[in-house]
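Take a slow walk along this chain.

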Amino acid sequence: MHSNVIPVAASPSYSAAYQSVEFDAELLGRLAKSGPRYTSYPTADRFSESFGYRDYLQAVAGVRTRGGAKPLSLYLHIPFCDTVCYYCACNKIVTKNREKAATYLAYLKREVEMQGLLFSGMNEVEQLHFGGGTPTYLSDAQMGELMAHLHRLFRFAPDGVGEYSIEVDPRTVTPERVHSLREQGFNRISLGVQDFDPEVQKAVNRIQPEAETRSVIDAARGAGFRSVSVDLIYGLPRQTLKTIGETLDKVITCNPDRIAVYHYAHMPHLFKPQRRINESELPSSDAKLAMLSLCIERLSKAGYVYIGMDHFAKPTDDLAVAQQQGRLHRNFQGYSTHSDTDLVSCGVSAISSVGATYSQNVKTLDAYYDLLDCNELPIARGIRMTMDDALRRTLIQKLMCQFEVSIPALEQAFPIQFDEYFESELAQLRELERDGLVTRDAEWITVSMKGRLLIRNVCMVFDRYLASRGNGPRHSQTI
Ligand code: SF4
């Protein structure tokens with residue numbers, strides 16, 4: 001019998017037909033361990049430097065040979081930030097020298113042009129995402145120029161069909177700028193909030209007045225953004241159940257369509273800014289579990305559906321609808337509704353997914369500029385998937401996005417006998433079955449309500465590479 005089981009209560013607006021989740025403190029405390037977030041499979045630490053520019057060209061040629069009918073997803077990485085947030089684990093460059101952005105933009109446009117020409121004739125874009133760093137580090141004029149450039153080189157699906165999103169740091173934009181972003185073609189906006197409490201903001205060096213964030217959200221509504229998303233983090237220094245509760249209440253009154261609640265993973269050996277966090281101010285594991293429980297309870301009561309992996313959405317939001325219809329997808333930007341796309345990513349460290357390959361750009365500005373000066377796409381490493389990789393990728397995607405996988409469907413898509421092929425994995429899965437995380441019958445593997453918060457544990461069973469790379473501190477805790 002598990003202790004501290006807090007089933008999430010359903011609000012009147014929370015239909016039982018939608019996904020839910022169950023918080024089980026004992027299970028989470030016992031089973032949460034470090035593991036990949038599965039924005040890709042194989043995960044990026046499997047990419048090899050033997051995969052380069054020419055392999056990528058071959059992958060694009062393969063797409064063309066097969067008819068190139070898939071729509072595209074574009075990702076643009078803007079690595080600059082004005083100041084550093086101490087919890088940051090992103091690949092960013094902190095600078096106040098705006099000229100650096102101008103140089104970067106010139107090279108980024110060159111890369112966009114090379115990709116645009118490569119995909120010419122099969123370049124219908126259904127999804128665009130700007131991430132960073134801080135995309136709004138670019139000025140309004142620079143952003144306008146870049147969007148116009150993208151529209152010259154790619155064909156964009158109409159506004160009502162395409163999902164065009166940008167991550168916005170509310171400290172960097174005015175309401176006028178938000179209107180301008182909408183005019184430039186963005187229809188989804190995601191705002192980093194993390195925590196509204198001034199003491200927590202001080203402890204992480206991210207001073208962001210609540211009024212400023214509210215005015216950006218109001219402006220986004222006024223400008224006609226289709227979806228407004230807010231990012232929060234639990235587990236930050238000086239955070240308590242009280243501060244988290246207050247932040248949640250305030251965020252709920254802002255009425256965003258999506259809310260992401262990320263767990264802060266303190267890994268100062270990997271991420272330098274985190275060394276500036278006072279470890280004595282970090283909440284304990286038990287306190288963090290209580291915070292997670294509170295987030296789930298409050299958001300569910302407010303009518304949000306648990307989508308999976310830190311994400312909540314209104315039941316009417318496209319993500320929740322896509323999950324209901326079995327067409328939710330997960331990529332480097334998180335969950336998405338456009339599943340059948342090739343992902344073309346531009347900018348330092350950006351990762352593309354074209355055909356059966358993944359490829360990642362170089363991580364430093366110098367290397368990025370040097371390769372583009374040689375008229376080469378700045379690809380540093382990647383991987384060409386085997387049949388086994390593609391099979392496991394499909395399986396892990398289904399588990400992450402739908403919390404269930406159909407065994408006959410997998411056997412139809414791949415030349416395998418499921419029970420035979422995954423004999424050793426199924427033995428491990430039985431342990432998770434005993435803990436109540438999953439159920440298995442002849443046709444389905446289904447993740448239970450309380451298994452959903454430990455979905456990474458379930459996926460890790462099917463990750464062929466995990467055994468070889470060990471289970472060290474490379475990845476964040478599953479909770
Ligand atoms: S958290 Fe975002 S805004 Fe803060 S330093 Fe990192 S990338 Fe920049």
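With 20 C-beta neighbours inside 10 Å, Ser 349 counts as buried. The cut-offs are these: a residue is buried if 20 or more other C-beta atoms lie within 10 Å of its own, exposed if 12 or fewer, and partly exposed in between, with C-beta atoms placed from the backbone. This is a predicted model, where local features need pLDDT of at least 70, side-chain atom pairs count only at pLDDT 80 or more, and totals for chains, interfaces and linings use all residues. Residues are numbered from 1 along each chain as its sequence is written.

Stay with Ser 349. Its phi is positive, about 65 degrees, although Ser 349 is not a glycine. Most residues other than glycine have a negative phi, and most peptide bonds are trans. Ser 349 sits in the loop between strand E16 (342–346) and E17. Helices (H or I, at least four residues) and strands (E, at least two) are DSSP runs, numbered from the N terminus.

Met 309 also has a positive phi, about 35 degrees, and is not a glycine. Its loop joins strand E12 (305–308) and strand E13 (311–313). Is Met 309 buried or exposed? Met 309 is buried, with 21 other C-beta atoms within 10 Å.

Now look for cis peptide bonds. One runs from Tyr 41 to Pro 42, with omega near -5 degrees. Pro 42 lies in the loop between helix H1 (25–31) and H2. Another cis bond links Gly 132 to Gly 133, with omega near 20 degrees. Gly 133 belongs to the loop between strand E6 (124–132) and helix H4 (140–153).

Next, helix H2 (residues 53–65). Its 13 residues reach 18 Å from first C-alpha to last, close to the 18 Å expected at 1.5 Å a residue. The expected span is 1.5 Å times one less than the number of residues. Tyr 56, Ala 59 and Val 60 are buried in H2. Seen down the axis, the buried residues of H2 fall within an arc of 95 degrees, so they line one face. The arc is that of the directions from the helix axis to the C-beta atoms. On the other side of H2, Arg 54, Ala 61 and Thr 65 are exposed. Just after H2, Gly 67 has a positive phi of about 105 degrees.

What covers the buried residues of H2? The cover includes helix H3 (98–118), strand E17 (351–354), strand E18 (357–361) and strand E19 (379–384). Contact here means C-beta atoms, placed from the backbone, within 7 Å.

E17 and E18 run antiparallel, joined by 4 bridges. Two strands pair if DSSP finds at least two bridges between them. Ser 353 stands opposite Tyr 358 in E18. The two strands form a hairpin with 2 residues between them, and Gly 355 in the turn has a positive phi of about 55 degrees.

Finish at H4. Met 143, Leu 146, Met 147 and Leu 150 are its buried residues. They fall within an arc of 100 degrees seen down the axis of H4, so they line one face. The buried residues of H4 pack against H3. Turned away from that side are the exposed residues Ala 141, Ala 148 and Arg 152.

Key:
Contact = placed C-beta atoms within 7 Å.
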